[in-house]
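Subject: Structure for your records, with notes

Dear colleague,

Please find the sequence and the structure below, followed by my notes on the arrangement of the chain.

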Amino acid sequence: MDYISEDAMQHMPKKPQNAYMIYRGEVYDEVKKKNQEKSMTELTQVISQMWNDLDKKKKEKYENEKEKAQNQYKKDYEAWLKKYKLDEEKVKTCLKELKQEKKKHKKGSKKVTKASKDDEESEDEDEQRIQQIKNKNQKKEQKETKEKEKEKEKEKEKEKEKQKQNQKEKEKDQKGNKKK
């Protein structure tokens, strides 16, 4: 996004709402007051049904508002491009990239792409493999430590046996010397 300045991004005109969203904004507070016990989803369903039931003349009012807003947006957008000396194709490309980045890094998103799932699974598998290797190494070290301790014990016992044999031999020698 090096070709669109931060200042330009902050002053970029916002896209206009469609006719339904203009209508929704107008009736939402009133519908909410009448249906306080309903959830946001249920309120949206009520408003949507009201929109569908609206006659063509009344819908036309909101369509006209949408058209006016779109025309104003086009003028504002062209002026914005000129003011910041931007190329429209580069702006579209940049906005598309930003949108993809937001999707990619969106936290708490329930939708996960197959690639990101594979990456996460791969990372999990790697973590599991690392943990398995650590566990194996730990067990190996424990086994080696036990074997060393057993060897030391055996050496101590051999040493004790040697000392006992040497003691017995000394006693025999002493007995043999006494008989003489």
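Tyr 20, Tyr 23, Trp 51 and Tyr 62 form one aromatic cluster, where rings of Phe, Tyr and Trp (for Trp, the six-membered ring) are paired if their centres lie within 6.5 Å, and planes under 30 degrees apart count as stacked, over 60 as edge-to-face and the rest as tilted. This is a predicted model, in which local features need pLDDT of at least 70 and side-chain atom pairs count only at pLDDT 80 or more, while totals for chains, interfaces and linings use all residues. Residues are numbered from 1 along each chain as its sequence is written, and side-chain values use heavy atoms, with hydrogens and water left out.

The structure holds seven aromatic pairs. In one of them, the ring centres of Tyr 20 and Trp 51 are 5.9 Å apart and the planes stand at 75°, so this pair is edge-to-face. Because Tyr 20 belongs to helix H2 and Trp 51 to helix H3, the pair ties together parts that are 31 residues apart in sequence; helices (H or I, at least four residues) and strands (E, at least two) are DSSP runs, numbered from the N terminus. Both partners are buried, Tyr 20 with a relative accessible area of 18% and Trp 51 with one of 11%, where buried means under 20% relative accessible area, exposed over 50% and partly exposed in between (1.4 Å probe, protein chains only). Tyr 23 and Trp 51 form a tilted pair, with 5.3 Å from centre to centre and 45° between the planes. Since Tyr 23 lies in helix H2 and Trp 51 in helix H3, this pair ties together parts that are 28 residues apart in sequence, and Tyr 23 counts as buried at 5% relative accessibility.

Leaving out residues up to four places away in sequence, Tyr 62 touches Ala 19, Ile 22, Tyr 23, Glu 26, Trp 51 and Leu 54, a contact being heavy atoms within 4.5 Å.

Helix H4 deserves a paragraph of its own. At 1.5 Å a residue, the 28 residues of H4 (residues 56-83) should span 40 Å, and its end C-alpha atoms are 40 Å apart, which agrees; the expected span is 1.5 Å times one less than the number of residues. The buried residues of H4 are Tyr 62, Lys 66, Tyr 73, Tyr 77, Trp 80 and Leu 81, and they pack against helix H1 (6-10), helix H2 (19-34), helix H3 (40-53) and helix H5 (88-105). Lys 66 is buried with a relative accessible area of 17%, and, not counting residues up to four places away in sequence, Lys 66 touches Gln 17, Asn 18, Ala 19 and Ile 22. Trp 80 counts as buried at 3% relative accessibility, and, beyond its neighbours within four places in sequence, Trp 80 is in contact with Ala 8, His 11, Met 12, Pro 13, Leu 86 and Val 91. The C-alpha atoms of Trp 80 and Met 12 are separated by 6.6 Å, although the two residues are 68 residues apart along the chain. Just after H4, Lys 85 takes a positive phi of about 50°.

In the loop between H1 and H2, Lys 14 is exposed, with a relative accessible area of 75%. Lys 14 and Tyr 77 are 63 residues apart in sequence, and 8.7 Å apart in space from C-alpha to C-alpha.

For the chain as a whole, there are six helices and zero strands. Of its 180 residues, 15% count as buried, and among contacts between residues at least 6 apart in sequence, 67% join residues at least 24 apart.
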